Amino acid sequence: MADNIIIRVQSPDGMKKIASTKRETAAAFLKKVAKEFGFNSNGFSIYLNRNKTEEILSQNKALSLLKIKHGDMLFLYPSSSPGTSSEVMDVATPHSSSSLPSTSAAAAASSSSSSSSSSSAFSSSFSSMSRSHSSSQFPEDEIDQFLAKQEGKIYRNRDPQLCRHGQMGKCVHCVPLEPFDEDYLNHLDPPVKHMSFHAYIRKLTGGADKGKFVALENISCKIKSGCEGHPPWPEGICTKCQPSAITLNRQKYRHVDNIMFENHTVADRFLDFWRKTGSQRMGYLYGRYTEHKDIPLGIRAEVAAIYEPPQIGTQNSLELMEDPKAAAVEEIAAKLGLRKVGWIFTDLLSEDTRKGTVRYTRNKDSYFLSAEECITAGNFQNQQPNACRLSPDGHFGSKFFTVVATGGPDNQVHFEGYQVSNQCQALVRDECLLPCRDAPELGYAKESSTEQYVPDVFYKDKDKFGNDITYLARPLPVEYLIIDITTTFPKDPQYTFSSTHRFPRENREALGETQDFHSLATYLSQCSASSFLDIISDFHLLLFLVTNEVMPLRDSIGLLLDAVKTSNEELALTWKKSEQWATIEQLCSTVGGQQAESLSDYAMGGPSAPASSSSMWSCLHCTFMNQPGTELCEMCSLPRS
């Protein structure tokens with residue numbers, strides 16, 4: 001056992017640990033490396049030094065004779081890779097405000113670093129190839145690519161009292177600050193407790209090595225597979241495959257720095273369900289990510305629409321159902337330039353119906369998010385990973401957020417935004433976190449069993465004497481997992497969807513609101529004086545046009561979606577002349593005529609007379625369009641009236 005050693009091999013695709021022995025030959029070791037990295041025997045070279053010196057050749061010499069010891073680092077280069085002298089790490093470009101293409105920036109960096117040592121060249125080569133490989137597989141969001149090119153420094157004016165130099169000079173009192181400067185963030189109004197994620201990246205990559213070896217690794221709570229030195233769990237485990245213990249820390253950065261609803265109408269229409277039924281409601285938030293200029297290198301999420309999936313709500317609970325329209329919603333949102341950025345749910349209880357006040361239940365003395373809500377938020381965030389070029393996995397954390405509509409200190413409805421930390425995401429993903437039944441503010445780290453190994457989870461707190469004490473996370477205060485995000489409404493409302501009329505929302509049958517051609521005919525009659533673009537610019541109406549069962553327009557609505565996305569009236573009028581819209585208008589006029597005739601007969605106290613037998617008619621029971629002259633529906637066989 002004393003001959004067993006572990007050798008680290010660093011390559012452009014990452015580092016791996018190879019189990020070997022001191023007496024193993026170099027040829028046998030190279031075969032292990034080839035198998036581990038997926039190369040053929042001639043596809044790579046391994047060196048003892050970073051500068052490509054002292055190559056390990058396939059020979060029968062033992063590793064001990066080659067002076068390779070336990071824990072040594074070897075350096076692997078693929079044979080097809082170009083020379084390292086011309087390869088430089090592209091992560092240095094974010095520190096410059098230059099808009100040069102990456103190839104030009106790389107060339108410029110190459111020429112400026114030609115005099116550097118070969119050791120530095122290996123570091124640059126490794127980082128460049130690794131990160132460009134991950135970014136090609138997992139392209140970053142547009143906002144991330146934009147912020148990566150910004151300088152991010154906080155410029156300050158010359159202080160007339162403290163600065164003793166000329167106008168062109170700089171001193172400690174006026175030199176530009178880094179975007180992660182804690183003193184600056186703490187003195188903002190209001191203070192910023194969490195730096196932006198891109199400021200955090202600048203902090204990691206701002207040292208002397210420019211972040212050449214920075215890798216944002218995702219936490220894993222699972223046993224590593226492929227360990228052959230012992231039986232699988234629960235019969236055996238070792239330090240190589242055992243996940244490390246986790247000490248929970250309050251996350252210092254956040255992926256989204258501000259949540260902004262475009263206007264009050266978006267939120268008010270969502271709250272209407274609770275106001276009319278008293279039942280809680282949830283919805284998915286669709287919008288876009290933009291630059292938040294109030295925080296250095298910050299990201300703002302702008303919410304343009306709320307989609308309410310099928311669900312069962314009561315005064316105290318919510319249950320999500322399977323959604324057959326989920327794919328269509330994602331497709332429509334993408335064509336409108338939107339994406340799913342978060343989710344919202346209500347936790348409201350009336351205090352005084354006459355005053356319209358609600359109870360203030362979520363506060364520092366109770367909880368802000370319950371453990372069950374944290375687990376749900378963690379699940380959602382794991383489903384929406386954040387692409388990141390500094391991560392070997394290609395993703396790190398998530399921009400997906402949670403908004404709670406709840407009572408505030410003034411007993412009015414407030415919108416509070418949150419995310420859960422990356423540590424919480426890992427615990428949820430690997431099924432290591434449970435809620436406590438009687439204490440919503442407490443979670444519980446699972447204990448290991450024969451079915452699952454769970455690493456120890458700890459958190460630190462201060463005792464009554466101010467000393468830091470480490471506690472086992474059984475139970476766990478969920479405040480260690482939560483990151484709060486400011487939620488706002490703009491002074492000048494914005495409208496991605498310009499319609500001022502209300503088309504019924506989906507999945508609100510409990511309120512008597514249905515999406516059908518009767519409601520469409522009513523909606524169009526109310527909007528007759530508006531322009532066609534304003535009439536059609538409603539997220540829920542567009543969703544109905546795509547998903548209705550009578551005449552779905554999924555394959556022919558692209559031009560209309562482009563018109564709404566770009567607010568182009570001409571495109572909208574062009575689509576209005578299509579056969580699809582003419583058919584929809586005919587269906588609405590038929591349904592509208594039947595509806596008006598039925599209301600007229602009802603007002604006169606007589607029975608509803610049959611509609612004209614010379615036009616198609618829609619079944620009142622299943623909405624199937626029947627041929628003229630028939631009295632029974634061809635689909636459901638029910639009578640016309």
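Reader: At what angle do helix H8 (residues 326-335) and helix H13 (residues 539-547) pack?
Author: This is a predicted model, with residues numbered from 1 along each chain, where local features need pLDDT of at least 70. Side-chain atom pairs count only at pLDDT 80 or more, totals for chains, interfaces and linings use all residues, and side-chain values use heavy atoms, leaving out hydrogens and water. Axes are lines fitted to C-alpha atoms over the stretch in contact, and angles run from 0 to 180 degrees between N-to-C directions. The axes of H8 and H13 lie 10 Å apart, and the angle is about 125 degrees.

Reader: So how are H8 and H13 set relative to each other?
Author: Under 35 degrees counts as roughly parallel, over 145 as roughly antiparallel, 65 to 115 as roughly perpendicular, and the rest as oblique. H8 and H13 are therefore oblique.

Reader: Which residues of H8 make the contact?
Author: Contact means heavy atoms within 4.5 Å. H13 brings Phe539, Leu542, Leu543, Val546 and Thr547. H8 brings Ala328, Val329 and Ile332.

Reader: How do H14 and H15 run relative to each other?
Author: H14 (residues 558-566) and H15 (residues 569-576) pack at about 160 degrees, with axes 8 Å apart. That angle makes the pair roughly antiparallel.

Reader: How many helices and strands are in the chain?
Author: Helices (H or I, at least four residues) and strands (E, at least two) are DSSP runs, numbered from the N terminus. The chain has 16 helices and 27 strands.

Reader: And how much of the chain is buried?
Author: Buried means under 20% relative accessible area, exposed over 50%, partly exposed in between, using a 1.4 Å probe and protein chains only. Of the 641 residues, the buried share is 44%.
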